[in-house]
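This report describes selected features of a protein structure. Please keep the sequence and the model in view while reading.

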Amino acid sequence: MFIINCPYCGERDQSEFSCGGEAHIERPKQPTELSDDQWAEYLFMRKNIKGIQFERWNHAHGCRKWFNVVRDTSNDKIHAVYKMGERPPLK
Amino acid sequence: MKNKYSIFSLIKNALSNHENWQRAWRDPEPKKEYDAIIVGGGGHGLATAYYLAKKHGMTNIAVVEKGWIGGGNTGRNTTIIRSNYLWDASAGLYDHALKIWENLSQELNYNVMFSQRGVMNLAHNLQDVRDLKRRTHANRLNGIDAVWLNTEEVKKFCPIINTSPNIRYPVLGGTLQRRAGTARHDAVAWGYARGADAMGVDIIQNCEVKGIKRNGDRVDGIETNKGFIKTKKIGVVAAGHSSVIANMAGIKLPLESKPLQALVSEPVKPIIDTVVMSNAVHAYVSQSDKGELVIGAGTDAYVSYTQRGSHDVIEGTLKAILELYPIFSRMKMLRQWGGIVDICPDASPIISKTNIKGLYFNCGWGTGGFKATPGSGDLFAHTIANDEPHKLNAAFNLNRFVSGDLVDEHGAAAVAH
């Protein structure tokens, strides 16, 4: 339960958003050449970090735009918000 | 040797004002080396240690727990026990546990207050009806007791349910597993701890794992806040913190950790003598022996380790509870809490070896691990002792995420489980 500063709409309650999970997981460029291990890594394996995590959020009940959030999962404090395509802020 | 708990020990200790009870387990300092170390002193971890000692003769082992035993999800769940899962692999796993539950108090000489009061799952729409009927058939083919109840039979079994056809989520029927029920969750941890300790297992509390030392492709020991402990076998049963431990060993798991909430009401006289779950509206309720309503809510839909959970989640759950049970509208809620659950993409657990020799994981139980505690411990102990899975947990290996052979219980066992 926290406030998210949507880069398009400003501060809104977290319940307006949906979380898209870990950010910066790159879609395979050559899917046909992937081994089963690489598919498993892409589809299922997650860092699931306790601490600073980079993740995707969608303002589902607002502007419906996707963006990235840097959040500390050990206390839900948000450190940065940045738009899709922007360089992630350094840790 | 521990004193056996009995009516006579109760009378004897009553005469001395209960001041002379023996400690239920020791409080040892860690040795330099163990044959195996279990990371995590919850129900599953303590059960694993118990069965390692009892069935596999491994008594030179330790359980390390960063807090106090049973202080994590073992003491935070809603104590529901059932085995009516859809797929054969899950049915085998959970019914194995249920069969152990049925004699657990006698075996441990510790009253875990296992109560087979039945678990009823409600259907609120046509798809629910089809899914639950299919599950009932699948259960019966696997030898698990399950019956389908129509709306009148639901009302008869639990009269306080609002079965009006005019509510938002009308009750169109439900399934009932009569062998299912509840148990006292703390007692499960304490009973296993006492049993394991009596066989020589060291239970080391306030001992946090800081690192896993590897020697090439095998484990060498654990770094803790109480120093380095050498061992050749590490069984990690760390629930929501499994990924944190995996990270120390340099491996990734297919898990996401999320807060799951529960809450209890003020105590009242007996009003609901069974467990009712509703997956569609994400609410389940039972009544504890103290008289509190025990209400389970859903998970927050994002990774968090905060053990709190969001208000809107319990608000949604309580709305559903009040529509289904209008009689609870004046009840006051006493306490609310969260536990961190590790959820697998297929909502089934992992009881498995890893690519690192001597490192085993028992995780991914997500929102429904309590019911499996005895079976999980038994099968994980087998896996650690033999370095091979038991046939009942063979399907729950880590490699299924590579092979694609998932045990997909997400839709089948429903979200709340």
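A residue is called buried when its relative accessible area is under 20%, exposed when that area is over 50%, and partly exposed in between. The model discussed here is predicted.

Helix 3 of chain B spans residues 88-101 and contains 14 residues. From its first C-alpha to its last it reaches 20 Å, close to the 20 Å expected at 1.5 Å a residue.

This helix is mostly covered, since ten of its 14 residues are buried. Among them are the residues B:Leu93, B:Tyr94, B:Leu98, B:Ile100 and B:Trp101. The buried residues of helix 3 in chain B also include B:Asp95 and B:His96.

B:Leu15 counts as exposed because its relative accessibility is 74%, and the cut-off for exposed is over 50%.

## Salt bridges

Side chains of opposite charge can pair when their charged atoms come close. Over all chains, a search of the whole structure finds 25 salt bridges.

In chain A, the side chains of A:Glu55 and A:Arg71 meet in a salt bridge, with an N to O distance of 2.5 Å. This pair links distant parts of the chain: A:Glu55 is in strand 4 (residues 52-58) and A:Arg71 is in strand 5 (residues 66-72), 16 residues apart. A:Glu55 is buried, at a relative accessible area of 0%, and A:Arg71 is buried, at 0% as well.

B:Arg117 lies in the loop between helix 4 (104-108) and strand 5 (119-123) of chain B, and B:Asp289 in the loop between strand 16 (283-287) and strand 17 (292-299), so the pair ties together parts that are 172 residues apart in sequence. B:Arg117 is buried, with a relative accessible area of 18%, whereas B:Asp289 counts as exposed at 57%.

B:Glu256 forms a salt bridge with B:Lys258, and their closest N and O atoms are 3.7 Å apart. B:Glu256 is partly exposed, with a relative accessible area of 23%, while B:Lys258 counts as buried at 16%. Elsewhere, salt bridges that share partners join B:Asp95, B:Lys99, B:Glu102, B:Asp145 and B:Arg179 into one network.

Methods. Residues are numbered from 1 along each chain as its sequence is written. Chains are lettered from A and ligands numbered from 1 in the order in which they are written. This is a predicted model: local features need pLDDT of at least 70, side-chain atom pairs count only at pLDDT 80 or more; totals for chains, interfaces and linings use all residues. Side-chain values use heavy atoms; hydrogens and water are left out. Buried means under 20% relative accessible area, exposed over 50%, partly exposed in between (1.4 Å probe, protein chains only). Helices (H or I, at least four residues) and strands (E, at least two) are DSSP runs, numbered from the N terminus. The expected span of a helix is 1.5 Å times one less than its number of residues. A salt bridge is a side-chain nitrogen of Lys or Arg within 4 Å of a carboxyl oxygen of Asp or Glu.
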